[in-house]
Each structure stands twice: as C-alpha cells, then as structure tokens.
Amino acid sequence: MHELDRRDALILTELQRDSRQSIAQIAERTGLSTTPCWKRLRELEARGVVTGYTALVDREQVGLGLCVIAEVNLSPHTEDTVQRFEREVAACPPIVSCYSTTGQSDYVMRVLVRDIKAYDRFLHDTVFKLPGVTHVRSSMVLREVKAQGRLPIEVPAGGTGG
C-alpha cells in the first residue's frame, strides 16, 4: 500500500464526486496542470487504487423496491464450502454486497429485489441452495438513511504533495 499524498487524495475525492469530469476540470479543482493530473490518475489506476468507473443508479427507478439485509450461517466451515459459497455469491446479481463477518453470522449480504414475493423466490431458488447455508435471518430495510458509494478519503493538510 502506498501512502496517498494530498494531490492524489484530492484527485480521488473529485473522481468520487463526479467521475465524468474531464482531466482539465479535475486538474483545476486539485491545483494541478492537466498533464501532471493525468499522469497521477493513470498511476492511481495502475496501482489498483482506482479500480473502475461506474454510474450511480436509483434502485427504485429501475424496479428494485426492496432492500434486504440477510445474515447467513454456514456449516460445515470447510475451505471448500466457503470457497464454493463465496464464488456463487459473487456471481449472483441480486446480492449487491456480501461481507464475511464475526459475531452471530458468518456472512452479511445486501440483496436488492423488486418486492417481498421476489425475495421469497430468491430465498428458495438461490440462497437456500447455496453451499453450506444452514440459517438465514432477513431484515427488510424500511428506509435508507445513508447509502453512499464514496469512501471517506482523508486529505492530508498543507503542502502540494509533490
């Protein structure tokens, strides 16, 4: 892991704010000229700091009205079961995030579907058939208080950052 200097952190902040900006716009907002800004951005991509570009889409506008937090337990806890479970979860579009966790659950997943009937089908057709699944606890999201894709990047104070 490389330390981010002030300019890199500012570039990342600007990209997260609006990734459709031109290099010239990002350069202006970060106090760089265009060529150094472009070189820094390419370096951030090459190092894997910037992993891709995407659009944020309103889930309800595209028919995904129900968000569910599902806690999943597996048994047995063998390497094969875990690898198969994680591989199938990664390939399942309605599961938009999945975390291996400590505590009561082995995994916590965020699932987006049309409605409760679609979630019921999803449980029976997909989740209950995943390798090793022994228990699922589902919580329906009533309201999203904060759903943000931006990372809270800390911008180092002062200096030009090289």
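Which strands does H4 lie across, and at about what angle does H4 run to S3? In this predicted model, helix H4 lies across S1, S2, S3 and S4, and its direction makes about 25° with that of S3. To make sense of that answer, let us look at the sheet itself, then at the helices.

The sheet is an open one built from four strands, and if you walk across it you meet them in the order S2-S3-S1-S4. The pairing is antiparallel. At the edges you find strand S2 (95-100) and strand S4 (133-140), each of which pairs on one side only. From one strand to the next, the twist averages 20°.

Now zoom in on the individual pairings. Strand S1 (residues 66-74) and S3 run antiparallel and are joined by seven bridges. S2 and S3 form a hairpin with six residues between them, and in the turn glycine 103 has a positive phi of about 100°.

The peptide bond that joins serine 75 and proline 76 is cis, with omega at about -5°.

Which residues of H5 are buried? They are Ala118, Tyr119, Phe122 and Leu123. Looking down the axis of H5, you would see these buried residues fall within an arc of 140°, so they line one face of the helix. What covers them includes S1, S2, S3 and S4. The face of H5 turned away from the buried side carries the exposed residues Lys117 and Asp125.

Let us turn to the aromatic rings. How many aromatic pairs are there? The count comes to two. In one of them, the ring centres of phenylalanine 85 and tyrosine 107 lie 4.6 Å apart and the planes meet at 45°, so the pair is tilted. Phenylalanine 85 counts as buried because its relative accessibility is 0%, and tyrosine 107 counts as buried because its value is 4%. Tyrosine 119 and phenylalanine 122 form an aromatic pair that is tilted as well, with 6.2 Å from centre to centre and 35° between the planes. Both residues lie in helix H5 (residues 116-125), three residues apart, which is about one turn of the helix. Both tyrosine 119 and phenylalanine 122 are buried.

Finally, let us visit helices elsewhere in the chain. In helix H2 (residues 23-30), the residues Ile26, Ala27 and Thr30 are buried. They cover an arc of only 100° around the axis, so they sit on the same side of H2. Helix H1 (6-17) and helix H3 (34-46) are included in what covers these buried residues. After H2 comes glycine 31, whose phi is positive, near 80°.

Our last stop is the loop between H3 and S1, where you will find alanine 55. Is alanine 55 buried or exposed? Alanine 55 counts as exposed because its relative accessible area is 57%. The C-alpha atoms of alanine 55 and aspartate 18 are separated by 9.4 Å, although these residues are 37 residues apart along the chain.

Technical notes
Residues numbered from 1 in each chain as written. Predicted model: local features only at pLDDT ≥ 70, side-chain atom pairs only at ≥ 80, totals over all residues. Heavy atoms only, no water. Phe/Tyr/Trp six-rings, centres within 6.5 Å; stacked < 30°, edge-to-face > 60°. Buried < 20%, exposed > 50% of the residue type's maximum accessible area, 1.4 Å probe, protein only. Helix = DSSP H or I, 4+ residues; strand = E, 2+ residues; numbered from the N terminus. Pairing = 2+ DSSP bridges. Axes fitted to C-alpha atoms, helices over the stretch in contact; angles between N-to-C directions. Contact = heavy atoms within 4.5 Å. Arc of directions from axis to C-beta.
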